[in-house]
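The sequence and the model come first.

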Amino acid sequence: MIRLNDITSLVQNYHPKADIELIEKAYVFSAKVHQGQIRLSGEPYLSHPLEAAYILAQLKMDVVCIAAGLLHDAVEDSDASLEEIRGLFGEETATIVDGVTKISKMQFVSKEQRQAENVRKMILAMSTDIRVILVKLADRLHNMRTLGFQPEAKQIRIATETLDIYAPLAGRMGINWIKSSLEDLCLFYLEPEIYAKIKDETAQRRGEMEKFMTEVKGILSAKLEESNIQAVIKARQKHFYSIYRKMLDQDLNVNQVYDILAFRVIVNSIKECYEILGHIHSIWKPVPGRFKDYISVPKANMYQSLHTTVIGPLGQRMEIQIRTWEMNRVAESGIAAHWKYKEGSIATQADHKQFTWLQQLLDWQKNLKDPQEFLESVKMDLFPDDVYVFTPRGEVKSFPKGATIIDFAYSIHSEIGEKCVGAKVNGKMVPLRYQLKNGNIVEITTSAKQHPNKDWLKFVKTSRAKTKIRQWIRTEEREEGINFGRTILEKALQQEGLGQINVLKSEQIAAVAKELSFHSVEDLIAQIGFGKTSPRQVVGRIKPRFDIKADRSQGLVSKMVSRFRKPRPEHGIKVNGVSDMLIHFAKCCSPLPGERVVGFITRGRGITIHLESCAHIQNADPDRLVPISWDPTTKESYSASLRVTSVERKGILADISTIISQKDANIIHAEVKTTVDNKGISFFTLEVESYKQLQDIVSAIKKVKNVLIVERL
């Protein structure tokens, strides 16, 4: 638990002449009025205002703001009155406490009204004193840190509200560390499984990431030293919520997000920022379109930096930010770095310009009387990555950045989406791929002849549109499967002398479908069309039901074929317990025995085996996926590829080859490349019997001196 001394010591570090007595007096008053109160965590209630005040001290706020942080719940959660606080601590402190109290005190009938009015009150309070919202953010951050003691329904409600309003508000005010902390905490409660996956994946990669960060910082430091530029280089892992957003935006799994590291270079002058940018681009190739100059054109929340994304030393993307110390201070504290209440300071015209966005919000709250319209206007400012457009009737709809006409059409109705052929935006015709922009008025054009296709999945953004398109495609493919399966089965029946009988409408075929665990005859026929069920298997079960015995006689051609037929080679895979199937192994992921795999029905080629995590089957039709297992009785060799990155050393290739040989694996191909910075990159294609054997090889190679990274390709 935070102590009063922790707060006062921190304040005196950045403001040695601060009036610490005011903070101490607020602490004594808060302890008195909250005496005997206990939080759900079991801690004394006083721990909460102490934590909030410490967060404000981290923002380097003045003593009045920190005192208000200690007192922010006194009026709402104790017998203390606002007049009492005004008399003891002054008008400024009372105004802040009153503003924080009013933000969440009133209740409204509808959810929209309640949310809109809360934001409206927040903005009104901010107009009186910007420190009101800073205290509220500190209050919310500590409440989120202790949210686990609340009931689950309340956790979800508070986390949703925080993600909707408080996190983007912190971002809009430029306090990025609070924004990131709130977002990560919200993700923990709203998407616990995804949070756990991201946490596990980053933990597994921590060793490699630390080695990579050390290498990049070493290369960059050496370059800057040559140029006599003094700089501090920092490296960090991106926040979980940032990784989560990348997964959503690019439709990736956790293990497919590679650029989870960010580097920051802090220098003394703006001139050096641009010099370092040139040096970075001379070392690593920049990614086109990923350079942003926020120094020349700062963000609305005062943020300034140069951002560039480059191809790093191991071939992956990495983001580098370049800024001065002053820019770094503003980036960390945001509005708190410029607010006009610092002791003895007078707000400049430049300071007032920083708050133009707040003035805009104030104008909206005065002029827009409808709560929902007001809330939509606020969200357009708080969520710069969202796009807000209008229907011809004036209804506001929000979409993620990059959403298209198809997304808009499906948001109205699934039938409108399916029949959409284009749209008029602000009265002009646009194609389906047109990306929506703020303020667009969109009118959809439909045609009875139109229907969705797989290409739409490449550019739609909303989950609703993606789900509806996939549903339509699955239904369409099922109909194709039924037609194809019916043709195959009828041909097989005809070959066995059942062509004259209407088998497909008989009770016998229905009994066979039930025996094979299908819900209907159509399901059985569709699976034949997809290649999941053999027509001969069905015919073999039907014939006895019509009292037709198998014809054991063979013609000359059949006898010759059987004489020269070779047994099918073993492949170590069982499909629904059957091993005698036509199998191919996917080259994109090269699965090995012991790994979790799934089969994909490839028409005309049997079943292709993929890793469950393979990107190529993440959006595959579920109807064409089949559960499979490895046959433990089969011993076969499988291909696996490794990339080994190492520091150049005589004999290292021989060491690696010896280890592979000692682990009973065979090298069927090897290739070695040398980079400009004296790194050796070796590619090996091996024959192994299992995933475990490959893991043993990788572990052993990692222990070889001068080996940096071992990756499976």
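The structure contains eleven aromatic pairs, a pair being two rings of Phe, Tyr or Trp (its six-membered ring) with centres within 6.5 Å; planes under 30 degrees apart are called stacked, over 60 edge-to-face and the rest tilted. The model is predicted: local features need pLDDT of at least 70 and side-chain atom pairs count only at pLDDT 80 or more, while totals for chains, interfaces and linings use all residues. Residues are numbered from 1 along each chain as its sequence is written, and side-chain values use heavy atoms, with hydrogens and water left out.

**Aromatic pairs and a charge over a ring**

- Phe212 and Phe263 form an edge-to-face pair, because their ring centres are 6.3 Å apart and their planes meet at 65°.
- This pair links distant parts of the chain, with Phe212 in helix H13 (residues 206–226) and Phe263 in strand E2 (residues 261–267), 51 residues apart; helices (H or I, at least four residues) and strands (E, at least two) are DSSP runs, numbered from the N terminus.
- Phe212 is buried at 5% relative accessible area, and Phe263 is buried at 2%; buried means under 20%, exposed over 50% and partly exposed in between, with a 1.4 Å probe and protein chains only.
- Phe585 and Tyr638 also make an edge-to-face pair, with 5.5 Å between centres and 75° between planes.
- Phe585 belongs to strand E12 (residues 583–585) and Tyr638 to strand E16 (residues 638–647), so this pair ties together parts 53 residues apart in sequence.
- Phe585 is partly exposed, at 30% relative accessible area, whereas Tyr638 is buried at 8%.
- Phe188, Tyr189, Tyr195 and Phe240 are joined into a cluster by ring pairs.
- The charged end of Lys25 sits over the ring of Phe89, 5.5 Å from the ring centre; the criterion is NZ of Lys or CZ of Arg within 6 Å of the ring centre and within 35 degrees of the ring normal.

**The five-stranded sheet**

- Five strands make an open sheet of mixed pairing, ordered E1-E2-E5-E4-E3; two strands pair if DSSP finds at least two bridges between them.
- Strand E1 (232–237) and strand E3 (292–293) are the edge strands, each pairing on one side only.
- Strands of a sheet pair through backbone hydrogen bonds, either parallel or antiparallel.
- E3 and strand E4 (residues 306–311) run antiparallel and are joined by two bridges.
- Lys292 has His307 in E4 as its bridge partner.

**Gln321 in strand E5**

- Gln321 lies in strand E5 (residues 317–324) and is buried, with 6% relative accessibility.
- Its side chain makes a polar contact of 3.4 Å with the side chain of Glu319; such a contact is a pair of N or O atoms within 3.5 Å, where within protein one must be able to donate a hydrogen and the other to accept it, and residues adjacent in sequence count only if both atoms are side-chain atoms.
- Beyond its neighbours within four places in sequence, Gln321 is in contact (heavy atoms within 4.5 Å) with residues including Phe263, Tyr303 and His307.

**Loop residues**

- Most residues other than glycine have a negative phi.
- Asp664 has a positive phi, near 60°, and is not a glycine.
- Asp664 sits in the loop between helix H27 (652–662) and strand E17 (666–674) and is exposed, at 68% relative accessible area.
- Asn706, also not a glycine, has a positive phi of about 80°.
- The loop holding Asn706 runs between helix H28 (691–702) and strand E19 (707–712), and Asn706 is partly exposed at 26%.
- Leu46 is in the loop between helix H2 (20–33) and helix H3 (47–58) and is buried, at 12% relative accessibility.
- Leaving aside neighbours within four places in sequence, Leu46 is in contact with Tyr27, Ser30 and Ala31.
- The C-alpha atoms of Leu46 and Val33 are 9.3 Å apart, with the two residues 13 apart in sequence.

**Whole-chain totals**

- The protein chain has 28 helices and 19 strands.
- Of its 713 residues, 46% count as buried.
- Of the contacts between residues at least 6 apart in sequence, 65% join residues at least 24 apart.
- The chain exposes about 37300 Å², of which carbon and sulfur atoms supply 50%; accessible areas come from the Shrake-Rupley method with a 1.4 Å probe, and for residues only the protein chains shown count as cover.
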